[in-house]
Amino acid sequence: MRSRAAGVSMKTPVRPEIQALSAYHVAEADGMVKLDAMENPYAWPACLPEALQQQWLEVLRQARLNRYPDPHAKRLAATIRDVFAVPAASDIVLGNGSDELIHLLITAVAAPDAVVLSVAPGFVMYPMIALFNRVKYVAVPLLAEDFSLDMAAMREAIEQYQPKVVFLAYPNNPTGNLFARQQVEEIIDRAPGWVVIDEAYAAFAADSFLSRLREFPNLLVMRTLSKMGLAGLRLGYLCAAPELVSELDKIRLPYNINSLTQLSAEFALAHREILDQQASALCRQRQQMMERLQDMPGLQVFPSQANFILFRTQHKDASGVFAALKQSGVLIKDLSATTESLKGCLRVTIGLADENEKFLAALEMALG
Ligand SMILES: *Cc1c(COP(=O)(O)O)cnc(C)c1O
């Protein structure tokens, strides 16, 4: 065998656009009040009554980790259909988080002339995954004053680019608003390809397209358990017409949902009322947080149908406020440097009452 001569470095085979990326950054949060990542603050399984914790452990004890998981996670898919009332005419494909589903969708359409279309500001994984797949990504700016859809621009972009896939997060991340229902319908009607309504925040929102799948053959509804309380399981689901799901199933890696996730998710969804109660409590906390933020001078607060609130610091530098909060032990998300339309903007996830209080107190100090 020939070995590489000392000092001769290998030229990286990695393509330049990947080299130019930095890896997805997750902030260090040890010991902090963690309000940066839209997680549910109720610890699983500690939030369960003792008897249920025991039952869950019993379920896990029956796992046979020497065996591959059910490749189609049939029982879990049936539970999801039942619990979330997925229309009978639609099929379900599961993903290792909805991030994996985004990957499947874009991989399925990837071709030299393919375009994926969404809005800006929008969810960061759409452009990232488009880039991984060498697919052109087009983002239509939302209207600056309220982050609503710019319909004239959307119509024009759909006409010009004929996108294979349109992604709309409903409600939108990182802005928190729901787009107008009729405008979304118009986009679904006009789009020549798939329209994915990303309902990651469905548990906190007043509207959904899930029950409407049959009305629109090109509509796909994607959801996740992450924001509703089980981010650690990594489970997303996508509902759409069977002929569409069967195409995605061809490129799904065979055992993408591991056994422990299948068992735990089935168990958790069988006790869905616990997750629902948490979501209701978080919606009440959101309302209180909204009012408190609106009362603070110098803030522009945007309406939210999600488990986070976007706000703009009008008189103080947002990054300075973010740093001061961090200094006080509260971690939120600084979006102020990401795009022009988010100038001065910070995003806070709704936590438990005492966490929200700590945040509000620290914010008052920082603005003071
Ligand atoms: C968090 C989020 C996701 C990803 O969720 P996972 O299931 O954890 O991968 C997808 N879409 C939007 C809009 C999100 O905010």
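**Legends to the close-up views**

**View A. A polar side-chain atom of Tyr 201 lies 2.7 Å from an oxygen atom of the ligand.** The model is a predicted one, in which local features need pLDDT of at least 70 and side-chain atom pairs count only at pLDDT 80 or more, whereas totals for chains, interfaces and linings use all residues. Residues are numbered from 1 along each chain as its sequence is written, and side-chain values use heavy atoms, with hydrogens and water left out. Thr 224 places an N or O atom of its side chain 2.6 Å from an oxygen atom of the ligand, and for Ser 226 the separation between a side-chain N or O atom and a ligand oxygen is likewise given as 2.6 Å (a polar contact is a pair of N or O atoms within 3.5 Å). Around the ligand there are 13 residues, of which Asp 198, Thr 224, Ser 226, Lys 227 and Arg 234 come nearest (a residue is near a molecule if one of its heavy atoms lies within 4 Å of it).

**View B. Helix H4 (residues 98-109) and helix H5 (residues 125-132) have axes that come within 10 Å and cross at roughly 45 degrees.** The axes are lines fitted to C-alpha atoms over the stretch in contact, with angles running from 0 to 180 degrees between N-to-C directions, and the helices are DSSP runs of H or I with at least four residues, while strands, labelled E, have at least two. H4 and H5 are therefore oblique to each other (angles under 35 degrees count as roughly parallel, over 145 as roughly antiparallel, 65 to 115 as roughly perpendicular and the rest as oblique). Their crossing is right-handed, the near helix being turned clockwise from the far one by less than a right angle. From H4, the residues Asp 99, Ile 102, His 103 and Ile 106 make the contact with Met 125, Tyr 126, Ile 129, Ala 130 and Phe 132 of H5 (contact means heavy atoms within 4.5 Å). The residues of this H4 and H5 contact divide into seven nonpolar, one polar and one charged.

**View C. Helix H2 (residues 50-61) and helix H10 (residues 259-270) cross at roughly 150 degrees, with axes that come within 10 Å.** H2 and H10 are therefore roughly antiparallel to each other, and H2 passes H10 in a right-handed crossing. On the H2 side, Leu 52, Gln 55, Trp 56, Val 59 and Leu 60 meet Leu 260, Leu 263, Ser 264 and Phe 267 of H10. Sorted by class, the contact of H2 with H10 has seven nonpolar, two polar and no charged residues.

**View D. H10 packs against helix H11 (residues 272-295) at an angle of about 70 degrees, with their axes 4 Å apart.** H10 and H11 are therefore roughly perpendicular to each other. The contact is made by Ala 268, Leu 269 and Ala 270 of H10 together with Arg 272, Glu 273 and Leu 275 of H11, and by class it has four nonpolar, no polar and two charged residues.

**View E. Trp 44 and Pro 45 are joined by a cis peptide bond whose omega is about 10 degrees.** Pro 45 lies in the loop between strand E1 (33-34) and H2, and Met 38 is also placed in the loop between E1 and H2. The phi of Met 38 is near 60 degrees, a positive value in a residue other than glycine.

**View F. A cis peptide bond joins Ala 120 to Pro 121, with omega about 0 degrees.** Here Pro 121 is found in the loop that runs between strand E3 (115-120) and H5.

Technical notes: Nonpolar A, V, L, I, M, F, W, Y, C, P; charged D, E, K, R; others polar. Polar contact = N/O pair within 3.5 Å; in protein donor to acceptor, adjacent residues only side chain to side chain.
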